[in-house]
Amino acid sequence: MSPILTGIFGIAAMIIMFMTQMPVAFVMALVGFIGVSLMVSPNAGLILLSRSFYDTFASYDLTTIPLFILMGQLGFNSGISKRLYSAGYKFLGSIRGGLAMATVAACTAFGAVCGSSPATAATMATVGLPEMKRFNYDDALSTGSVASGGGIGMIMPPSVVLIIYGILTEQSIGQLFVAGIFPALLVTLLFIGAVFITCLLDKNAGPAGEKFSWTERFKALLGLGETLIIFALVVGGIFYGLFTPTEAASVGAFGVLIIAVLRRRLTWKGFVKSLMETLTTSCMILMLITGAVIFGKFLAVTRIPFEIASWVSELNMAPALVIAVIIFIYFLGGCFMDALAFVTLTVPIFFPVVMELGYDPIWFGIIIVMVTEMGVITPPVGINVYVVYGVAQNVLSHNVALEKIFKGIIPFLIALIVGIIILIAFPWIILFLPDLMYS
């Protein structure tokens, strides 16, 4: 059997196993191991398996992942998320749809200390849903704003997905972080616009809340102080070369811990919970990376990525059309697979193609993260939707139908598509800061 045919059979077997609800990481590792064992030798497959696990879990660069996750968990358990939401609420809550707008803004701010989309969605659902229900917000708008706003954590540095992309493609994580700032702010504004238009079309969707004095509003801004300090430490330190992304992650986690202890907002139980959540999430992500590495090596042996790159380069098709096809594949795949798993699986295939076409790797990284962000809110996977659905059952006095949440994300999905089109049409929005800081 030819190497390419073996690769096709391997991909088909992997898709079939996905349908059986087997863990994605184990499926990729198993298919990659069996594929290399058949094509090279069983001994080569065992060596690949052992080295990939060791190299991933012993990697110094990958320590950024558990550290950034720990930073987010400490921030959540010490009440940073509540203070962020309170500040947004006091500034925007008095206008129609203001609480949903405040939720989106708080999601962006919390994403700057978290980096995880589901974690951001879960945190803001716990804080925001009861408040929006208190002011009789429509369930579709309230849950949709939380689920969609949580996705901004995928773009806003420190983003776990951008870290994975940077490691897989050997791109500067610092440049990727810088490049994600303006797109994250753009999406935030578009989401706020989506809330505004929704409330304009349906005046009962988001009734106005309490009105606060300017004194109370500016006092609430003090709650943003620690977030700004941590963001400045992490991203500013990377900007100016004071420390590497790994060092920045450790500084950020330690900074949040110090702030939490000084404010006396972190209990021993909350600290232990932060460590346990960090351990669980980090192991899941590192297993995904290991599986993707093993499967990627198998694909390299089959030469499928190189053949696809060669085939695309020989097509008489405009590069923009090729990019459009790749983006559509990412959107489609994101609807059926976890965003992180899909990125780790497909980047080794499509990255050589994009480089062959002459596109900027930093620009492409931000674009695919934006596209896969759509996957976290679209059926049938829509991980953020299921996270919000689960939290809603615990924090609200009534059940919210899953269909209601999916209906609520439609305006935000449209806003996200508009944002992607803008970033494709004007790539300088992504590349301006990296070019400025690293030129």
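Residues are numbered from 1 along each chain as its sequence is written, and side-chain values use heavy atoms, with hydrogens and water left out. In this predicted model, local features need pLDDT of at least 70 and side-chain atom pairs count only at pLDDT 80 or more, while totals for chains, interfaces and linings use all residues.

View 1. Look for F182, L185, F426, W428, F432 and L436, which together make a nonpolar surface patch of about 620 Å². To be in a patch, a residue needs over 30% relative accessible area and no salt bridge; like charges are joined within 9 Å, and nonpolar side chains (Val, Leu, Ile, Met, Phe, Trp, Tyr) within 5 Å. A salt bridge puts a side-chain nitrogen of Lys or Arg within 4 Å of a carboxyl oxygen of Asp or Glu. Areas come from the Shrake-Rupley method with a 1.4 Å probe, and for residues only the protein chains shown count as cover. Two or more patch residues come from helix 10 (173–201) and likewise from helix 22 (428–438). Helices (H or I, at least four residues) are DSSP runs, numbered from the N terminus. Helix 22 gives the most, with 3 residues. F432 lies in helix 22 and is partly exposed, at a relative accessible area of 42%. On this scale, buried means under 20%, exposed means over 50%, and partly exposed is in between (1.4 Å probe, protein chains only).

View 2. Zoom in on F364 and you'll find it touching Y165, I326, Y330, F351 and V354, not counting residues up to four places away in sequence. Contact here means heavy atoms within 4.5 Å.

**View 3. E170 has a positive phi.** E170 is found in the loop between helix 9 (160–169) and helix 10. Its phi is near 60 degrees, a positive value in a residue other than glycine. E170 is also exposed, with a relative accessible area of 73%.

**View 4. T103 is tucked away in helix 6.** T103 lies in helix 6 (residues 98–114) and counts as buried, at 0% relative accessibility. Leaving out residues up to four places away in sequence, T103 touches Y85, M124, M132, S145 and V146. T103 and Y89 are 14 residues apart along the chain, and their C-alpha atoms are separated by 7.8 Å.

**View 5. A87 is buried in helix 5.** You'll find A87 in helix 5 (residues 80–92), with a relative accessible area of 4%. A87 touches A220 and L224, again not counting residues up to four places away in sequence. A87 and M101 are 14 residues apart in sequence and 12 Å apart in space, C-alpha to C-alpha.

View 6. The expected span of a helix is 1.5 Å times one less than its number of residues. Helix 2 (residues 24–39) has 16 residues and should span 22 Å, which agrees with the 22 Å between its end C-alpha atoms. Its buried residues include A25, V27 and M28. Helix 12 (residues 225–239) has 15 residues and reaches 20 Å from its first C-alpha to its last, close to the 21 Å expected. Among its buried residues are I230, V234 and F239. Helix 12 is followed by G241, whose phi is positive, near 70 degrees.
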